[in-house]
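Here's a quick briefing to read with the model open beside you.

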Amino acid sequence: MPIRVLAFDARGEQIQLLERNAIVNQILSRISAQTSGQTSVADGLALAQDLSRYAILSHTWIRDTPGDVVFGRWAARNHPAYAEGYSKIAKFCAVAACEHGLSFGWMDTVCINKDSSSELDESIRSMYRWYNLAHVCVTYLSQTRGIADIHKDAWFTRGWTLQELLAPQNPDFESQFSPELQDRLYPKLYWENDIDMAEYSLTGLDAHFDHQIPLEIQYQIFKATTITRSELMVFRTDPRIVPISRKMQLAASRKVTREEDKIYSLMGLLGVMLPVAYGEGPQSAFNRLIREIMASKDYFLDIFNHGSGKRSLIPSSVSDYLNRHAVFDRTHLGRETALHRTLPTEPIVWTHLGARITLLLVPAFRKDVYTARIPEESVSQVVGGFSDFHGNNHDYLLLKDDDFSAQWMQGLSLDDKHNKLRLHPYIVFFGILNFSTSDGTISIPPKCLAIPIDPGLGAGSWEVGQVYPTNVELLSGPMVILWSNSRLQRSIDREQGKRRGIQIMTLHLK
């Protein structure tokens with residue numbers, strides 16, 4: 001249970017603000033009043049769990065002065081200046097008591113002492129868990145007047161309300177209140193029968209979920225956030241399945257009052273913990289978040305799936321994920337991202353030079369130079385849209401994994417004798433991230449997350465097995481390339497791959 005809660009009677013009245021010890025004493029007192037000396041330990045624990053259930057409020061803060069009743073203003077809650085803020089508290093407690101039969105409630109305005117840095121730190125890092133464990137999350141959409149207007153509510157624009165939408169196991173929107181409470185406490189919602197559901201896929205999903213969040217509200221959530229019905233379900237069953245980059249994308253456009261909160265509000269959704277340090281700035285907070293993901297998770301290739309177009313492997317902000325690639329997603333199947341199928345062949349380490357990462361390098365040839373020499377039927381994909389360092393845009397040809405590729409690369413004088421990969425003008429390499437190796441075999445999925453690399457201004461060679469920290473530049477951020485048209489993973493012999501110019505190499509990339 002949270003550090004501090006609101007306690008109230010069966011009608012949501014006689015509201016008190018209780019500290020942790022007082023909460024425990026009140027629960028023990030209620031247990032004592034409802035049990036006899038013959039009660040078993042199991043029954044006593046079940047009763048304690050039942051009596052400690054609490055409601056939690058999700059809302060947007062009142063922007064007008066003086067605004068919400070906060071911890072330091074609780075004693076002055078009856079002052080006319082705080083009428084609107086206290087009214088919100090009273091309405092929340094009435095809903096929790098009358099509609100859900102609860103005696104405790106929590107809301108961030110009054111239940112956190114923000115003057116205590118240690119309490120604020122604990123509260124922020126525990127917030128996701130508190131919303132997840134609440135018996136019910138009451139969502140107050142203050143700007144909503146009708147069911148068709150829900151997606152326009154400011155609640156969907158705030159940073160912290162993303163986890164408040166996705167963490168609760170039992171969300172309760174205004175439209176689910178009884179008519180009496182709805183009329184008395186909140187703006188009335190008018191259910192409309194002509195909502196166009198055609199764009200919202202509902203195939204093969206659990207009818208029980210529709211009871212938790214009515215279909216009309218699910219559709220409004222989709223319109224406001226792009227969160228699909230299957231994603232809503234998965235967040236409530238196993239949120240780890242939702243890709244890291246998708247969670248970042250959902251947060252990228254949301255607004256926060258303190259800029260670091262865009263990062264801190266993601267901790268629970270991403271399953272990581274950071275010390276709170278207001279004043280550090282969003283860049284420092286974001287860097288710490290990425291480092292913690294890399295340090296604490298076995299599978300994290302998806303953090304590089306930012307699709308920002310910037311010439312960098314490592315993302316620089318949450319907004320980089322706005323154009324992340326969705327082709328690897330399998331959330332609708334109840335499975336984690338396809339990028340998590342691959343465990344890096346070597347540890348990925350973030351150093352002062354950037355990320356030290358092992359890539360599978362596949363050569364590609366500038367189309368305007370090589371198109372006359374490469375048969376069309378030998379081209380696997382034409383990749384373009386990025387510019388060279390002179391500012392000129394070029395397309396590049398990826399070859400199929402066939403005999404022509406081997407012969408072509410041999411004709412370019414691969415230096416197998418000295419175990420070096422010759423570099424040529426007008427050739428770039430796509431560094432594939434999601435590959436794996438075993439017993440001299442390289443496994444490559446049909447859809448690859450890769451970065452185009454200029455290997456060093458045209459001439460020279462790379463020695464296989466060496467680490468190259470500074471002599472390569474990225475032409476773009478991570479992008480999707482097709483290794484083959486097959487849906488199946490392709491395995492090639494490592495020596496065979498070298499004859500096609502395909503090599504494994506470790507680089508330092510910013």
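Which residues of α11 are buried? They are Ile244, Ser245, Arg246, Lys247, Met248, Gln249, Leu250, Ala251 and Ala252. Keep in mind that this is a predicted model. As for the whole chain, it has 17 helices and 21 strands, and buried residues make up 52% of its 510 residues.

**Chain overview**

- Take the contacts in the chain with a separation of 6 or more: 68% of them come from residues 24 or more positions apart.

**Helix α11 and what covers it**

- Helix α11 spans residues 244-252 and is mostly covered, with nine of its nine residues buried.
- The cover over those buried residues includes the helices α6 (161-166), α9 (215-225) and α10.
- Also among the covering elements are α12 (261-264), α13 (267-270) and α14 (282-296).

**Glu231 in helix α10**

- Glu231 sits in helix α10, which runs over residues 229-237.
- Buried or exposed: which is Glu231? It counts as buried, because its relative accessibility is 7% and the cut-off for buried is under 20%.
- Leaving out residues up to four places away in sequence, Glu231 touches Thr226, Arg246 and Thr331.
- One of those partners, Arg246, is also on the list of buried α11 residues.

**The six-stranded sheet**

- Six strands make an open sheet with mixed pairing, and the order is β2-β1-β4-β3-β5-β6.
- At the edges you'll find β2 (16-19) and β6 (171-173), each of which pairs on one side only.
- On average, neighbouring strands here are turned by 35 degrees against each other, direction ignored.
- Inside that order, β3 (residues 55-58) and β4 (residues 104-106) run parallel and are joined by two bridges.
- If you want a residue pair to click on, Ile56 has Trp106 in β4 as its bridge partner.

**The three-stranded sheet**

- Another open sheet has three strands, ordered β13-β14-β20, and its pairing is antiparallel.
- Which strands stand at the edges of this sheet? They are β13 (436-438) and β20 (490-493); each has a single partner strand, so one side of each is left without a neighbour in the sheet.
- Neighbouring strands in this sheet are turned by 25 degrees against each other on average, again ignoring direction.
- β14 (residues 441-444) pairs with β20 in the antiparallel sense, over four bridges.
- Within that pairing, Ile442 has Ile492 of β20 as its bridge partner.

**Helices α1 and α2**

- A pair of packed helices is described by the angle between the axes and the distance between them.
- For α1 (residues 20-34) and α2 (residues 41-51), the axes come within 10 Å and cross at roughly 130 degrees.
- As for handedness, the crossing of α1 and α2 is right-handed.
- On the α1 side, the contact is made by Ile27, Arg30, Ile31 and Gln34, while α2 brings Leu47, Ala48 and Leu51.
- Sorted by class, the α1 and α2 contact has five nonpolar residues, one polar and one charged.

Key
Residues numbered from 1 in each chain as written. Predicted model: local features only at pLDDT ≥ 70, side-chain atom pairs only at ≥ 80, totals over all residues. Heavy atoms only, no water. Axes fitted to C-alpha atoms, helices over the stretch in contact; angles between N-to-C directions. Left-handed = near helix turned anticlockwise from the far one by under 90°. Contact = heavy atoms within 4.5 Å. Nonpolar A, V, L, I, M, F, W, Y, C, P; charged D, E, K, R; others polar. Buried < 20%, exposed > 50% of the residue type's maximum accessible area, 1.4 Å probe, protein only. Pairing = 2+ DSSP bridges.
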